[in-house]
Amino acid sequence: MSAVLLPGGAVRTRRVAARRPRRPVAWLPLFVLLIVVLLEAAALLRPQALQLHPAQNSVLFKQVSGYSMLALMTFAIAFGWLRRLPALARRQALLKEAHLVSGLLILALLALHLVNVPLGYLSFVFHAMALAIAAGALRSVLGPRLGPKACVVLLASHIGLSCAVVAAGLVHVYLVYAYTA
């Protein structure tokens, strides 16, 4: 409420519109789903399409993309955890968007990372990551329409597959250092 002084000393009060909280970008989960489907189709049907540059075969690219994915996984997990802190209640939408974008970047980097080995350990990790991201994005898009049980199933799939991907990524890093050092 705010007061306005009128001529003659009369005071009129008026309501000031409250600032609406920032809503998450509605198109972002749909965009994430579209990119997941496109990357899955490319990995399954034409894996050579993921070979964008010969530098993707270099050790330096593998190291940079691998460590970038580890950092993004850490951020994605942290964003999921930070969203639950009461102190950051006003930043829910921003944290959700950051969580979605970091997951999408992980999948894109993983697609570029596995271009030499479309069948194998990294391929399994890629498909598990794609399913995890798709489950999270579907929950964002269809959550209110699906009902509580379906939301719980999608959330459990998202979290379970994401944890499996993180564990597989750490095992991969260990195996690379154990067998290439």
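**Helices and how they cross**

Guide: Gladly! Helix α2 passes helix α5 in a left-handed crossing. This is a predicted model, in which local features need pLDDT of at least 70 and side-chain atom pairs count only at pLDDT 80 or more, while totals for chains, interfaces and linings use all residues. Residues are numbered from 1 along each chain as its sequence is written, and side-chain values use heavy atoms, with hydrogens and water left out.

Visitor: Why are α2 and α5 called roughly antiparallel?

Guide: Their axes cross at roughly 150° and come within 11 Å. Axes are lines fitted to C-alpha atoms, for helices over the stretch in contact, and angles run from 0 to 180 degrees between N-to-C directions. Angles under 35 degrees count as roughly parallel, over 145 as roughly antiparallel, 65 to 115 as roughly perpendicular and the rest as oblique. So α2 and α5 are roughly antiparallel to each other.

Visitor: Which residues make the contact of α2 with α5?

Guide: On the α2 side they are Tyr67, Leu70, Met73 and Ile77, and on the α5 side Val165, Val166, Leu170, Val173 and Tyr177. Contact means heavy atoms within 4.5 Å. The residues of this contact divide into nine nonpolar, no polar and no charged. For that sorting, Ala, Val, Leu, Ile, Met, Phe, Trp, Tyr, Cys and Pro are nonpolar, Asp, Glu, Lys and Arg are charged, and the others, Gly among them, are polar.

Visitor: How many helices and strands does the chain have?

Guide: There are five helices and two strands, in the order β-β-α-α-α-α-α from the N terminus on. Helices (H or I, at least four residues) and strands (E, at least two) are DSSP runs, numbered from the N terminus.

Visitor: What about α4 and α5: why are they roughly antiparallel?

Guide: Helix α4 covers residues 121-146 and helix α5 residues 148-180, and they pack at an angle of about 155° with axes 8 Å apart. That angle is over the antiparallel cut-off, so α4 and α5 are roughly antiparallel to each other. Their crossing is left-handed. The contact of α4 with α5 holds 20 nonpolar residues, six polar and one charged.

Visitor: And how do you know that α3 and α4 are roughly antiparallel?

Guide: The axes of helix α3 (residues 92-113) and α4 cross at roughly 155° and come within 10 Å. By the angle rule, α3 and α4 are therefore roughly antiparallel to each other. This crossing is left-handed. Its residues divide into eleven nonpolar, three polar and one charged.

**Buried or exposed?**

Visitor: What makes Leu28 count as buried?

Guide: Leu28 lies in helix α1 (residues 27-45). Buried means under 20% relative accessible area, exposed over 50%, and partly exposed in between (1.4 Å probe, protein chains only). Leu28 has 9% relative accessibility, so Leu28 counts as buried. Leaving aside neighbours within four places in sequence, Leu28 is in contact with Glu97, Leu100 and Val101. Leu28 and Leu100 are 72 residues apart along the chain, yet their C-alpha atoms are separated by 7.8 Å.

Visitor: Is Gly136 buried or exposed?

Guide: Gly136, in helix α4, counts as buried because its relative accessibility is 15%.

Visitor: Why is Trp81 called exposed?

Guide: Trp81 sits in helix α2 (residues 59-82). Its relative accessible area is 55%, so Trp81 is exposed. From C-alpha to C-alpha, Trp81 and Leu95 are 9.7 Å apart in space.

Visitor: How much of the chain counts as buried?

Guide: Of its 181 residues, 31% count as buried.

Notes. Left-handed = near helix turned anticlockwise from the far one by under 90°.
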